[in-house]
Amino acid sequence: MKLICKLQGHAFPRDSQWGKPYLRINSTAIDGMGHIHAYLEGQCERCGEFYHVANIHLPKPARS
């Protein structure tokens, strides 16, 4: 991790063409009500380290 990231935080990842970040799912968990939680990571533009960006709820799988 670079010193600037320690002082100011990581630089939010950006895609060069669209200006939107690409994130990856680090892990998922299913709670007691069946909701799927995903924890998203982004790669810092400055130091290249992956760091926690957001949490999301994933849609429940369709029942067959």
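Predicted model: local features only at pLDDT ≥ 70, side-chain atom pairs only at ≥ 80, totals over all residues.
Residues are numbered from 1 along each chain as its sequence is written, and side-chain values use heavy atoms, with hydrogens and water left out.

The sheet is an open one, built from 3 strands in the order 1-2-3 with antiparallel pairing. Strands here are DSSP runs of E with at least two residues, numbered from the N terminus, and two of them pair if DSSP finds at least two bridges between them. Strand 1 (24-30) and strand 3 (50-58) sit at the edges, each pairing on one side only. On average, neighbouring strands are turned by 25 degrees against each other, direction ignored; the axes behind that angle are lines fitted to C-alpha atoms, and angles run from 0 to 180 degrees between N-to-C directions. As a rule, strands of a sheet pair through backbone hydrogen bonds, either parallel or antiparallel.

Now for the pairings themselves. Strand 1 is joined to strand 2 by 6 bridges, and strand 2 (residues 36-43) is joined to strand 3 by 8 bridges. Ala 38 takes part on both sides: Thr 28 has Ala 38 as its bridge partner in strand 2, while Ala 38 has Ile 56 as its partner in strand 3.

Both connections are hairpins. Between strand 1 and strand 2 there are 5 residues, and Gly 34 in that turn has a positive phi of about 90 degrees. Between strand 2 and strand 3 there are 6 residues, with Gly 48 in the turn showing a positive phi of about 80 degrees.

Back to Glu 41, then. A search of the whole structure turns up 1 salt bridge (a side-chain nitrogen of Lys or Arg within 4 Å of a carboxyl oxygen of Asp or Glu). In this salt bridge the side chains of Glu 41 and Arg 24 meet, at 2.9 Å from N to O. The pair links distant parts of the chain, with Glu 41 in strand 2 and Arg 24 in strand 1, 17 residues apart. Glu 41 is buried, with a relative accessible area of 12%, whereas Arg 24 is partly exposed at 41%. Buried means under 20% relative accessible area, exposed means over 50%, and partly exposed lies in between (1.4 Å probe, protein chains only).

How values were computed: Helix = DSSP H or I, 4+ residues; strand = E, 2+ residues; numbered from the N terminus.
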